[in-house]
Amino acid sequence: LLLYRCLSTTVADALRSIAMMDETAASSSNDERKGSTNSSTRRRPLVIVTGGARGIGRATCLLLASRGYDVACNYRSESSTNDVLSLTSEWTSFRNKNNNESAMGDIVGFRADISDEDGVIFLFRTVREQFG
């Protein structure tokens with residue numbers, strides 16, 4: 001599970017971080033293939049993007065999902081709910097239209113205020129329930 005926070009970062013920083021995450025996911029996938037026969041292993045790497053409803057966070061969600069990550073898109077305010085619903089609908093439509101669902105990840109929205117510990121615990125619990 002990777003956590004990526006998109007608040008005050010530049011596009012270049014976000015792309016560098018994603019490239020590093022791709023390398024980490026690739027090496028852990030190789031390690032899992034070598035040593036694990038556990039069938040409960042995740043089929044795709046999972047990342048939580050905070051601030052994922054708009055701007056760089058939204059773009060990061062789309063980019064990571066297009067690279068095969070399952071994305072938990074975290075947002076805080078009720079006013080962002082429609083933005084996240086639009087994002088997930090747009091992504092689902094794109095995946096279906098391109099007939100490449102197996103190579104692409106999912107995007108699921110999670111509303112949680114991660115400025116306090118209870119919100120963080122709630123977020124991780126609900127992400128685990130959704131994605132396993």
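Helices α2 and α3 are roughly parallel to each other, a class that takes in angles under 35 degrees, whereas angles over 145 degrees count as roughly antiparallel, 65 to 115 as roughly perpendicular and the rest as oblique. Helix α2 spans residues 55-66 and helix α3 residues 81-98; the two pack at an angle of about 25°, with their axes 11 Å apart. Axes are lines fitted to C-alpha atoms, for helices over the stretch in contact, and angles run from 0 to 180 degrees between N-to-C directions. The crossing of α2 and α3 is right-handed; that is, the near helix is turned clockwise from the far one by less than a right angle, anticlockwise being left-handed. On the α2 side the contact (heavy atoms within 4.5 Å) is made by Arg 58, Cys 61, Leu 62, Ala 65 and Ser 66, and on the α3 side by Asp 83, Ser 86, Leu 87, Glu 90 and Trp 91. Of the residues in this contact, five are nonpolar, two polar and three charged. Here Ala, Val, Leu, Ile, Met, Phe, Trp, Tyr, Cys and Pro count as nonpolar, Asp, Glu, Lys and Arg as charged, and the others, Gly among them, as polar.

The model is predicted: local features need pLDDT of at least 70 and side-chain atom pairs pLDDT 80 or more, while totals for chains, interfaces and linings use all residues. Residues are numbered from 1 along each chain as its sequence is written, and side-chain values use heavy atoms, with hydrogens and water left out.

The chain contains four helices and four strands, taken as DSSP runs (H or I, at least four residues, for helices; E, at least two, for strands) numbered from the N terminus. Their order along the sequence is β-α-β-α-β-α-β-α. Of the 132 residues, 35% are buried, meaning under 20% relative accessible area, with exposed set at over 50% and partly exposed in between (1.4 Å probe, protein chains only). Among contacts between residues at least 6 apart in sequence, 67% join residues at least 24 apart.

Asn 74 belongs to strand β3, residues 70-75, and is buried, with a relative accessible area of 4%. A polar atom of the Asn 74 side chain lies 3.2 Å from the backbone oxygen of Ala 112. Beyond residues up to four places away in sequence, Asn 74 touches residues including Ile 48, Thr 50, Phe 110 and Leu 123.

Arg 128, in helix α4 (residues 117-131), is exposed, at 64% relative accessibility.

Terms used: A polar contact is a pair of N or O atoms within 3.5 Å; within protein, one must be able to donate a hydrogen and the other to accept it, and residues adjacent in sequence count only if both atoms are side-chain atoms.
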